[in-house]
Amino acid sequence: MATVPSYSPSIWVRMCHALPRFDLTMQMRDNVFTPDSWEYQQTLLVLSSLSAIALVLSLLVVLSFLIHYCCCHRGDAGRDAEEEEEDDDASGGHGYSGKKGRSICCVTWVSVAAVTLCCVAIGVGFYGNSEANDGMYQLTSSLLTANYTLASIDLLVWDSVAVLQRSVSGPLTSLEDVFGGNKPALVSTRSCRRLSERVISLLSSLSLGRGVSSVSPGALGANGTDSMVGVLTPAPPSIAPTLTPTSTSNSIPAPFSPGWAANTLMVNEDYRWLSYVLLLLLDLVVCLFILLGLAKQARWLLILMTVLAWLALFLSWGSLGLETATVVALSDFCFDPNSFVLNSTHFNTGTSTEILDYYLTCNRKMTSPFQQLLTQSQRALSSIHSHLSGLERDALPRFPKAEKSLREVQQILNVTEGNFHQLVALLNCRGLNKDYIDSLKGLCYDGMEGLLYLSLYSFLSALAFTAILCSLPGAWRSFSSDSEEYEDSDSESEDPFTSHQARRQTATGSQRGALPPFYSYQGAGWTPPFSSAPPLPTPNASSNGNPGYESLPLSDRPSPPPSYSPSMLTGYGGNQSHPNSAHSRNLYSH
């Protein structure tokens, strides 16, 4: 014999359920799941307010960093200009060593680490969103299956009631007219009528509290089957998630049903899943474009991403508060779901606690609350079958006109017995209890785990965006402005042979005085203006006036300057002629 599935709260449910609860007056409250109670709602508001406090702290941290970068670093501009030359000398002209270089490197790596943490949080968020969606899908699927079972029970009950009512008003009345002169046959026919009405009464009282009251025989028309099928028609969950009565005159609208609950949850879950996907995509876009802005040193892109990072920070802390309240409320429900379902269902549908407890627990030692009703109905149907067999055996040879009505009553009895056997199988607690356990597992296992991962995502992303907003102003300061880049490009276009270090010193060292032009040094003893090499030995003049380098070894000879054509010299020197033109030609000819 197959065992009945069981449910036990997970460790996450127990941990969240054990959290202390305080109301707005900071008084301790119990953790019983009562969502309609104002005291219980206050405890959830207090827990949600923790994320608001964390948001205020994040804003204070970011504000302190902004004040630090805007006010404290304003007086460092002149000091940075004085130390820039020393940093460039120490770094070999690249500008990434020294105090400023280390500061820029630190700010950049902090930004990269924060973006990496945000990407990790996004991955956790996608996983949590998928887990929560799987749990809600299992919950709605189980509710739709239970709704299909309950609708099938209602259909079988009303179909059996309808066909028996049609039998009482039609064929049995005809048999009474035919057997009017035969007292034993007339007694058997009236016994069949009385037993049929008894079965109708028993089946009409069979209701699981889904908003359908007991129906009297007069409530059914001539075509009883068609009218009752129109009231509740079962369909597979994938086709008809909810069953809406087509006529309100014969039934009371159900205030609650598993199909209505499943339909509502599916709509809300679609919006929730889509909202989280959009939030995750927003965070991912912000992180990727921040990395791109740091790599390209694009200030406008970082400014735009900073605005979006502020938005993402508020959304992260807000979602964390909502998820905290949801996780705690869900843990309270999942810790003892039977109590809440028992009380709420009894209040909304009017179903007796005995029936609810039978289907929620499904203990093998418990007897079905419908056992007596089903036994009496089965006995009544068996008695009808016995009376019809006697009439067929004794009265039918004497009254051939009664054959058609008798066959019709037997056919109705066979349909009723078939429906009755299906009804007995569906009223067993195993099917509905399995759907109930599956819905609890989907909500309290996968759904709870998904919400915890989403809470972790919100917390990590909030920390990451806080760090990003603190580090981005420092990254802006490390970027060169457009005017500086324009000046550097102009200095590079003036002389392609001037080193980067010389250009930097020329731009930042104007207080030292104007340096002589590159080609204004005359004579053979010319040396580069920024050369740190030891002084060269004075060459001996030869007989033709040229420097006598022939007597020096190759290792002691200085490297000659680049060769320039006379046209280039004319272009650089203008109309000024060298006092010793022959000497210049002989000098550059070597």
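This is a predicted model: local features need pLDDT of at least 70, side-chain atom pairs count only at pLDDT 80 or more; totals for chains, interfaces and linings use all residues.

Trainee: Is L63 buried, partly exposed or exposed, then?

Mentor: L63 has a relative accessible area of 45%, so L63 is partly exposed.

Trainee: Which helix holds L63?

Mentor: L63 belongs to helix α2, which covers residues 38-72.

Trainee: Which residues make the nonpolar surface patch?

Mentor: The patch consists of L50, I53, V56, L57, L60, L63 and I67, and its area is about 660 Å². As background, an α-helix has 3.6 residues a turn, so residues three or four places apart point the same way.

Trainee: Changing topic: how many disulfides does a search of the whole structure find?

Mentor: The search finds two disulfides. One joins C334 to C444, with an S to S distance of 1.9 Å. These cysteines come from distant parts of the chain, 110 residues apart: C334 is in helix α9 (residues 299-335) and C444 is in helix α14.

Trainee: Why is the disulfide of C334 and C444 called left-handed?

Mentor: The torsion about its S-S bond is about -85°, so the disulfide of C334 and C444 is left-handed.

Trainee: Are C334 and C444 buried or exposed?

Mentor: Both C334 and C444 are buried.

Trainee: What about C362 and C429: how far apart are their sulfur atoms?

Mentor: The sulfur atoms of C362 and C429 are 2.1 Å apart, and the two residues form a disulfide. C362 sits in the loop between α11 (353-361) and α12 (371-395), while C429 is in helix α14, so this pair ties together parts that are 67 residues apart in sequence.

Trainee: And which hand does the disulfide of C362 and C429 have?

Mentor: That disulfide is right-handed, because the torsion about the S-S bond of C362 and C429 is about 65°.

Trainee: What are the relative accessibilities of C362 and C429?

Mentor: C362 has a relative accessible area of 4% and is buried. C429, at 6% relative accessibility, also counts as buried.

Trainee: What is the pairing of the bonded cysteines, numbered in sequence order?

Mentor: The pairing in the protein chain is 1-4, 2-3.

Trainee: Let us stay with helix α14. Where is N433, and what does its side chain reach?

Mentor: N433 is in helix α14, which runs over residues 429-478. Its side chain reaches the backbone oxygen of L360 at 2.8 Å. With 2% relative accessibility, N433 counts as buried.

Trainee: One last point: what distance separates the C-alpha atoms of A295 and T108?

Mentor: They are separated by 9.8 Å, although A295 and T108 are 187 residues apart along the chain.

Terms used
Residues are numbered from 1 along each chain as its sequence is written. Side-chain values use heavy atoms; hydrogens and water are left out. Helices (H or I, at least four residues) and strands (E, at least two) are DSSP runs, numbered from the N terminus. Buried means under 20% relative accessible area, exposed over 50%, partly exposed in between (1.4 Å probe, protein chains only). A polar contact is a pair of N or O atoms within 3.5 Å; within protein, one must be able to donate a hydrogen and the other to accept it, and residues adjacent in sequence count only if both atoms are side-chain atoms. A disulfide is a pair of cysteine sulfur atoms within 2.5 Å. Patches are made of residues with over 30% relative accessible area and no salt bridge: like charges are joined within 9 Å, nonpolar side chains (Val, Leu, Ile, Met, Phe, Trp, Tyr) within 5 Å. Accessible areas come from the Shrake-Rupley method with a 1.4 Å probe; for residues, only the protein chains shown count as cover. A salt bridge is a side-chain nitrogen of Lys or Arg within 4 Å of a carboxyl oxygen of Asp or Glu.
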